[in-house]
Amino acid sequence: MEESQENMVQEEQVQEPELNVEEQENTDNLSEKEENTDKNKKGFFGKKKDKDKEKIQELQAEIEKLNAEKAELNDRFLRLFSEFDNYKKRVSKEKLDLISTASEKVIVSILPIIDDFERAITANEKADNIDSIKEGFNLIYNKLLQMMKRFDVEEIQAKGKEFNTDYHEAVTHFPAQNEEDKGKVIDVTEKGYKLKDKVIRYAKVVVGQ
């Protein structure tokens, strides 16, 4: 009986270490799982961190590229603005020079006519022949008209024409002698002139009604 009890005790003592080995194995497995889980977590967050870093680098590169483009566009704008400003100054100067030159040409063309008037005035002081005086004035007048034509100045035809506000300015209205004269220019109080197609002075007229 005592031997049986001893055997049972010995079996229990033998089995007890086996349970400890299993527990150790379970513990080791659990540790390995936890370690693998930690590695997986670290690997996931590590990859995410690398991706974020790459994204930041890409954004920084894009910002640098945009800044470079901005600087280039700003430089081009300043150059264009400077060129345009110089162009405006040059055009303004050319316009002033053109006006000055045009005035000079007109004045130079009028000077001979002034000379003719002065000679006519001097001659008329001693002239007894009225016809020669009239002829002299007609010559000077025709010379002046020729000069005007050279500068594309043309008289606006008015008398007998339909009243046209594009060319005529009515100073008064007068009863027409017949139906055909109604709405037409029956007299001119001051001639009008065009410079090419531009009216530089409207003809002042009397309109029939």
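Where is Tyr202 placed relative to β5 and β6? Tyr202 sits in the loop between β5 (198-201) and β6 (203-208). The model is predicted: local features need pLDDT of at least 70, side-chain atom pairs count only at pLDDT 80 or more, and totals for chains, interfaces and linings use all residues. Residues are numbered from 1 along each chain as its sequence is written, and side-chain values use heavy atoms, with hydrogens and water left out.

The protein chain holds two helices and six strands. From the N terminus, their order is α-α-β-β-β-β-β-β. Helices (H or I, at least four residues) and strands (E, at least two) are DSSP runs, numbered from the N terminus. Of the 209 residues in the protein chain, 10% are buried. Buried means under 20% relative accessible area, exposed over 50%, and partly exposed in between (1.4 Å probe, protein chains only). The protein chain exposes about 18100 Å², with 53% supplied by carbon and sulfur atoms. Areas come from the Shrake-Rupley method with a 1.4 Å probe; for residues, only the protein chains shown count as cover. Among contacts between residues at least 6 apart in sequence, 61% join residues at least 24 apart. A contact means heavy atoms within 4.5 Å.

Tyr202 is partly exposed, at a relative accessible area of 39%. Beyond four places in sequence, its contacts include Tyr167, His168, Glu190 and Gly192. Tyr202 and Ala158 lie 44 residues apart in sequence and 10.0 Å apart in space, C-alpha to C-alpha.

His168 belongs to strand β2 (residues 168-174). His168 is buried, because its relative accessible area is 5%. The side chain of His168 reaches the backbone oxygen of Gln157 at 3.5 Å. Residues up to four places away aside, His168 touches Ile156, Gln157, Ala158 and Tyr202, among others.

The largest pocket has a volume of about 220 Å³. On a 1 Å grid over the protein atoms alone, a pocket is an open set of points with protein on both sides within 12 Å along at least five of seven lines; lining residues have an atom within 4 Å of a point. The volume is the space filled by probe spheres set on the points, which are joined across faces, edges and corners. The lining includes Leu98, Val106, Met147, Phe151 and Lys196. Elements giving two or more residues to this lining are α1 (2-124) and α2 (130-150). Helix α1 gives the largest share, five residues.

Technical notes:
Polar contact = N/O pair within 3.5 Å; in protein donor to acceptor, adjacent residues only side chain to side chain. 1 Å grid on protein atoms, 1.4 Å probe; cavity = no way out; pocket = protein on both sides within 12 Å on 5 of 7 lines; lining within 4 Å.
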